[in-house]
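Here's a quick walk through a single-chain model, starting from one residue and then zooming out. Have the viewer open while you read.

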Amino acid sequence: MDNITRRDAGLPYISDEAVFKQQAKARRIVQELNTADSSDFELLSGIIKRLIPDSGEGIFINPPFHCDYGFHIRTGKNLFVNYNCVILDVAQVTIGDNVQIAPNVAIYTAGHPVHPVSRNSRYEYGIPVVVGNNVWIGGNVVICPGVTIGDNAVIGAGSVVTKDIPADSIAAGNPCRVIRSITEADKKLYYKNREFDDESWSVIEKMTDGNSSENIL
């Protein structure tokens with residue numbers, strides 16, 4: 001079994017010439033993205049689509065951005081990724097609709113054996129990561145291999161997510177843990193206990209008319 005097949009089957013693999021060839025193709029596109037005119041949004045969108053072919057409508061990434069392959073990333077619609085995001089997509093990274101990713105976020109599917117003898121063999125692995133719909137990931141968050149983040153969750157800035165986070169929850173810390181659930185009482189708040197003013201709230205009501213709270217963060 002060749003190493004690309006092993007990698008994509010979730011088995012230990014070695015980054016050989018064939019693997020590096022795939023990475024080199026992604027790196028050329030990543031370099032193009034990161035050196036393009038950052039004010040030319042149409043140009044950036046076209047490069048992003050080439051880098052991440054399996055991406056939904058309305059995806060935007062603020063460069064600089066780095067990933068290993070691009071084709072192992074699958075996104076829904078309306079994804080926004082802020083500056084300095086790193087996605088090590090050795091395995092599949094699945095991101096849902098309406099996800100917001102703050103600056104300096106790292107999503108890792110890649111890993112190495114713990115024991116030095118096994119680690120020095122050059123074998124590594126990838127375990128998939130899943131981010132649900134309507135998720136907000138705060139700045140400087142690290143998401144480790146194998147993690148699933150449920151729909152509507154909020155991950156606080158600086159968190160290291162080592163285990164699954166359930167839907168409709170606010171989680172933070174190192175290691176990241178659930179602090180509380182998101183409820184209907186949060187709907188009219190924009191920051192802590194500050195409520196939306198009448199003008200902004202009327203806009204939100206029009207936007208969410210006919211949608212259940214389960215689908216709107």
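## Around Thr 109

Leaving out residues up to four places away in sequence, Thr 109 touches Leu 88, Asp 89, Val 90, Ala 91, Gln 92, Val 93, Tyr 125, Gly 126, Ile 127, Pro 128, Val 129 and Pro 145. A contact here means heavy atoms within 4.5 Å. Thr 109 itself sits in the loop between β9 (106–108) and β10 (110–111). Strands are DSSP runs of E with at least two residues, helices are runs of H or I with at least four, and both are numbered from the N terminus.

Is Thr 109 buried or exposed? Thr 109 is buried, at 0% relative accessible area; the cut-offs are under 20% for buried, over 50% for exposed and partly exposed in between, with a 1.4 Å probe and protein chains only. From Thr 109 to Gly 146 it's 37 residues along the sequence, but 6.8 Å in space, C-alpha to C-alpha.

## What kind of model this is

This is a predicted model, where local features need pLDDT of at least 70 and side-chain atom pairs count only at pLDDT 80 or more, while totals for chains, interfaces and linings use all residues. Residues are numbered from 1 along each chain as its sequence is written, and side-chain values use heavy atoms, with hydrogens and water left out.

Strand β18 (residues 169–172) pairs with strand β16 (residues 154–155) in the parallel sense, over two bridges. Pairing requires that DSSP find at least two bridges between the strands. One of the bridges links Val 154 to Ile 170 in β18.

β18 also pairs with strand β19 (residues 177–181), this time antiparallel and over four bridges. Ser 169 has Ser 181 as its bridge partner in β19. The β18–β19 hairpin leaves four residues between the strands, and Gly 173 there takes a positive phi near 110°.

## The chain as a whole

Zooming out, the chain has five helices and 21 strands. Its radius of gyration is 19 Å, close to the 17 Å from the globule rule for 217 residues, so the chain is as compact as a globular protein of that length. That radius is taken over C-alpha atoms, and the rule is 2.2 Å times the number of residues to the power 0.38. Along the principal axes, the C-alpha atoms fill a box of roughly 60 × 40 × 25 Å.

Of the 217 residues, 38% count as buried. Among contacts with a separation of 6 or more, 25% join residues 24 or more positions apart.
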